[in-house]
Amino acid sequence: MVTYIIRRLLWAILLLFVVSFITFVMFILLPSADPAVLRAGRQPTPELIAAIRENLGLDKPWYVQYLIYMRDLVLHFDFGYSYQNNVAVKETIFDRLPATVSLAVGGAVVWLLIGIPIGIISAIKRGTILDRAAMGFALLAISAPVYWVGLVSIYLFSKDLGKLAPIFQGSGQYTPFTEDPIAWASALILPWLVLATAFAAIYARFLRANLLDVMGEDYIRTARAKGLGERRVVFKHGLRSAITPIVTIFGLDLGILIGGAILTETVFNIPGIGRLAFDAIQKSDLPIVQGTVLIAAFAVIMANLIVDILYAFLDPRVRY
Amino acid sequence: MALLEIDNLSVHFETDDGIVKAVDGISYTVDRGQTLGIVGESGSGKSVSSLTVMGLSRSRNARISGSIKFDGKELLTSSDDELRKIRGNDIAMIFQDPLSSLHPFYKVGAQIVEAVRTHRNVSKQQAYDRAIEMLGLVGIPEPRKRAESYPHEFSGGMRQRAMIAMALANDPKLLIADEPTTALDVTVQAQILELIERLQSEFDTAVVVITHDLGVVAEMADEIAVMYAGRIVEHAKTDTIFAGPEHPYTWGLLSSIPKLDSPRDEELVPIAGRPPSLINLPGGCSFHPRCPYVKPAHMKTDPTLEPVAGSDGHKVACLLAHETRQKLWRELREGTAPVEARADVMQDAPPPEAIEALEETEGRPAPTTVEEQPS
C-alpha cells in the first residue's frame with residue numbers, strides 16, 4: 001500500500017511536468033496577444049514594450065524561458081509573477097483558492113443531499129410516476145447549460161433582480177468565510193444550487209441505474225431469503241454496493257471543481273481559480289495560466305489518488 | 001400432515017411478449033425429514049416454483065395461484081411480513097453460485113450473524129458464537145479465523161459450505177437447495193451433497209433439491225419429481241425413477257448420464273431439440289415436438305399427471321399406454337431399440353452458445369429482467 005502510494009506520487013510529479021510543458025508550448029505556439037503590449041497600456045512606445053519584454057524575460061528563446069520557469073519552480077517552489085501586475089502567482093492562487101473551495105465543497109454537499117435520495121427513491125419506485133418525474137427533471141437539469149441556469153436563477157431569485165422570489169443574494173456578493181460566515185453562506189446559496197443542479201441530476205441517474213443493477217444481484221436475493229426487511233435489504237445490502245462507484249466519480253468531480261468552476265464563478269462573479277484562469281487567458285498572462293493549470297492538474301491527480309486509496313477500504317476485494 | 005403441501009401451483013408472469021407460464025399447475029408434498037429432488041432442464045420452472053415457496057417471486061407482473069401450505073399455514077395469502085418471518089427461519093434456501101450469492105463487501109461471519117439476529121433476539125456475541133459454531137459444523141477449518149474472511153477469500157466449496165451454515169443457522173424445518181453443486185468442481189460436489197445429507201439427518205430438516213442432474217439426487221432424494229415446461233411430468237420414489245421410469249423425457253435424462261460401466265466409445269444420447277418457449281407452449285403434450293415416440297393424437301391432447309398402475313406413489317403425464325411405455329423402456333434398457341433422436345428435431349437443436357446462454361439465465365425468474373430498465 002505504501003509503495004503503491006509512493007509510486008503514484010512519483011507518477012503525479014512526472015505528470016505535472018508534462019502538463020506544465022504542454023501548457024507552455026501551447027501558449028507559445030498558439031496565437032495570443034503579446035503580454036508586453038497589453039502590459040504597456042495605451043499607445044506605448046516601442047522602447048517601452050522592449051523594456052517590458054526584457055524585464056519579463058520574453059526576449060529570451062521560449063525553451064530558455066521554460067527552463068528558467070522550471071528552475072525557479074523546482075528549486076524555490078516559485079511559480080513566477082504575473083505579467084500584468086507583478087504579483088506572485090503563488091500568492092494570487094492562494095488568495096483565490098478559498099472562494100473556489102467554498103463553491104465546490106458547498107455545491108458538492110448540496111448535490112449529494114439532493115441527488116442521492118432522489119436516486120434511491122427512483123430506483124425503489126422504479127416505473128412509478130415519481131420515478132418518471134424525477135428522471136424527467138434530471139434529464140432537463142443535465143441538458144441545461146450552467147451559465148443559462150445561472151442567469152435564469154439570478155433573474156428569478158436574486159435579491160436585486162429577482163422577478164419571482166427575490167430571496168437569495170445574487171451575483172458579485174462573495175464575502176470570505178473568515179470575514180463574515182453568514183454573508184459568505186448567503187452569497188453562495190444560489191451558486192451552490194446552480195452548480196449542484198446538473199451534478200445532482202447526474203448522480204441521481206447514476207445511482208438509480210447502479211442500485212437497480214445491484215438489486216438484481218444474487219446476494220440481494222440471499223438477503224431477502226434470510227428474511228431481512230426490505231429497508232435493510234436496500235440500504236445495507238443494495239446501497240452499500242451501489243454507492244461505491246459514486247465515490248469514484250465524486251472524487252474526480254470534486255477534484256475538477258477545485259481546479260475552478262469557470263462558468264459558475266463567472267456568472268456569479270466569484271473571485272475563484274476559475275475566474276482567475278479565465279481572466280489570465282484573456283490577458284495572455286502565462287505565469288497565472290500556468291499556475292492555475294498546475295493547481296487544477298494537481299487537484300485532479302490528488303483526487304484520483306485519494307479515490308483509489310479509499311476504494312481499498314470500501315471494497316475488500318481491492319488490494320494494492 | 002405433510003410439512004410442505006403444494007397444490008395446483010401456477011406462476012405466470014405478464015410480459016410485453018405475452019404471458020410466461022413459468023409454473024403451470026404443479027402439486028407435490030414434502031414430509032418432515034424427507035428429501036425431494038426436482039429435476040428438469042433450464043426453464044422448466046423448477047427454480048421459480050421454489051422461489052415462490054419463499055415468497056421471492058412476488059412482483060407486480062407475477063400472477064400466482066393455487067396453494068402452498070407450510071406446516072398447515074397457507075403461504076400464498078400470507079402478508080409480506082408474515083412470509084419474511086418464515087424466510088430464513090423456518091424455510092431456508094441455498095443457491096447455485098455461492099460467490100455471487102454472498103455479499104462481497106461483508107465478512108462471512110457477519111453475514112451469518114445477520115441471518116441469526118434477523119430472527120432471534122440474541123446479542124451480537126451470542127449470534128457470533130452461533131455463526132462460528134455453524135461454520136465449524138459445515139466443516140470449515142479454523143472457523144473463528146475464517147469468520148473474519150470475506151467471501152472472495154474462500155474457495156468455491158467453502159463458500160457453499162458458508163451458505164449452508166447461514167441457511168441452517170436458525171434450524172429451519174425446510175431447506176431448499178437450488179442447484180447447490182452446479183457451480184462447483186466435481187470433487188467438491190460430492191462433499192457438499194454429503195454435507196447436506198449429514199446435516200439433514202442431524203437436524204431432521206426436510207430438503208428440496210433442485211437440479212438438472214439426476215446424478216445429484218440419485219443418492220440423497222427419497223422422491224424425484226421431473227419437471228418439463230412448467231409441469232411435473234413424472235413423480236416417483238427415487239428407486240422407481242431409475243428402475244422403471246415411464247416418461248420418455250425421463251428416459252432421455254437417464255440416457256444422457258454417463259456410466260462408468262459402459263464402453264468408453266458408447267455415445268451419450270442427448271434429448272433432441274430444445275425446451276419450448278413458455279410463452280407459446282406447443283399444443284397437446286408439451287413434450288411432443290421432442291418425443292421420439294410421438295403419435296398424431298399427442299399433438300392435440302394435453303396429458304394429466306396420473307397414477308401408474310401397480311407402482312405405488314408413481315405418477316406420470318404421458319399419453320402412451322402403460323404397456324407400450326414398459327415395453328419401450330425394457331427395449332431401451334436392453335439396447336434392442338436404441339434411442340435414436342428424431343432427425344427432424346435434431347435439426348432444430350440450438351447451437352452450443354445458445355445452450356450456455358440459457359444456462360446462465362437459470363435460477364432467476366426470467367420475466368423480471370424483461371421489464372427492467374424502462375429508461
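## Domains of chain A

Domain bounds here come from an automatic or database domain assignment. In this predicted model, that assignment divides chain A into domain 1, residues 16-78, and domain 2, residues 95-314. Taken over C-alpha atoms, the centres of domain 1 and domain 2 of chain A are 36 Å apart.

Ten residues of domain 1 of chain A meet ten residues of domain 2 of chain A. On the domain 1 side, α1 (2-29) and α2 (35-40) of chain A are the elements that supply two or more residues. The top contributor is α1(A), with six residues. By class, this side of domain 1 of chain A holds seven nonpolar residues, three polar residues and no charged ones.

## Contact between chains A and B

Chain B brings 25 residues to the contact and chain A brings 20 residues. On the side of chain B that touches chain A, two or more residues come from each of α2 (80-86), α3 (98-101) and α4 (108-119) of chain B. The largest share belongs to α4(B), which gives four residues. Sorted by class, the side of chain B that touches chain A has ten nonpolar, nine polar and six charged residues.

## Sheet in chain B

Strands of a sheet pair through backbone hydrogen bonds, either parallel or antiparallel. Chain B has an open sheet of four strands in the order β2-β1-β4-β5, and the pairing is antiparallel. At the edges lie β2 (18-30) and β5 (73-74) of chain B, each of which pairs on one side only.

Within the sheet, β1 (residues 4-15) and β4 (residues 62-70) of chain B are joined in the antiparallel sense by eight bridges. D7(B) has S67(B) of β4(B) as its bridge partner.

## Helix pair in chain B

Two packed helices are described by the angle between their axes and the distance between the axes. For helix α7 (residues 156-168) and helix α8 (residues 186-203) of chain B, the angle is about 15° and the axes are 10 Å apart. Angles under 35 degrees count as roughly parallel, and α7(B) and α8(B) are therefore roughly parallel to each other. The crossing of α7(B) past α8(B) is right-handed.

From α7(B), the contact draws on G156(B), G157(B), Q160(B), R161(B), I164(B) and L168(B). Helix α8(B) contributes V188(B), Q191(B), I192(B), L195(B), I196(B), L199(B) and F203(B). By class, the contact of α7(B) with α8(B) comprises eight nonpolar, four polar and one charged residues.

Notes: Residues are numbered from 1 along each chain as its sequence is written. Chains are lettered from A and ligands numbered from 1 in the order in which they are written. This is a predicted model: local features need pLDDT of at least 70, side-chain atom pairs count only at pLDDT 80 or more; totals for chains, interfaces and linings use all residues. Two residues are in contact if their C-beta atoms, placed from the backbone, lie within 7 Å. Ala, Val, Leu, Ile, Met, Phe, Trp, Tyr, Cys and Pro count as nonpolar, Asp, Glu, Lys and Arg as charged, and the others, Gly among them, as polar. Axes are lines fitted to C-alpha atoms, for helices over the stretch in contact, and angles run from 0 to 180 degrees between N-to-C directions. Angles under 35 degrees count as roughly parallel, over 145 as roughly antiparallel, 65 to 115 as roughly perpendicular and the rest as oblique. A crossing is left-handed if the near helix is turned anticlockwise from the far one by less than a right angle, and right-handed if clockwise. Two strands pair if DSSP finds at least two bridges between them.
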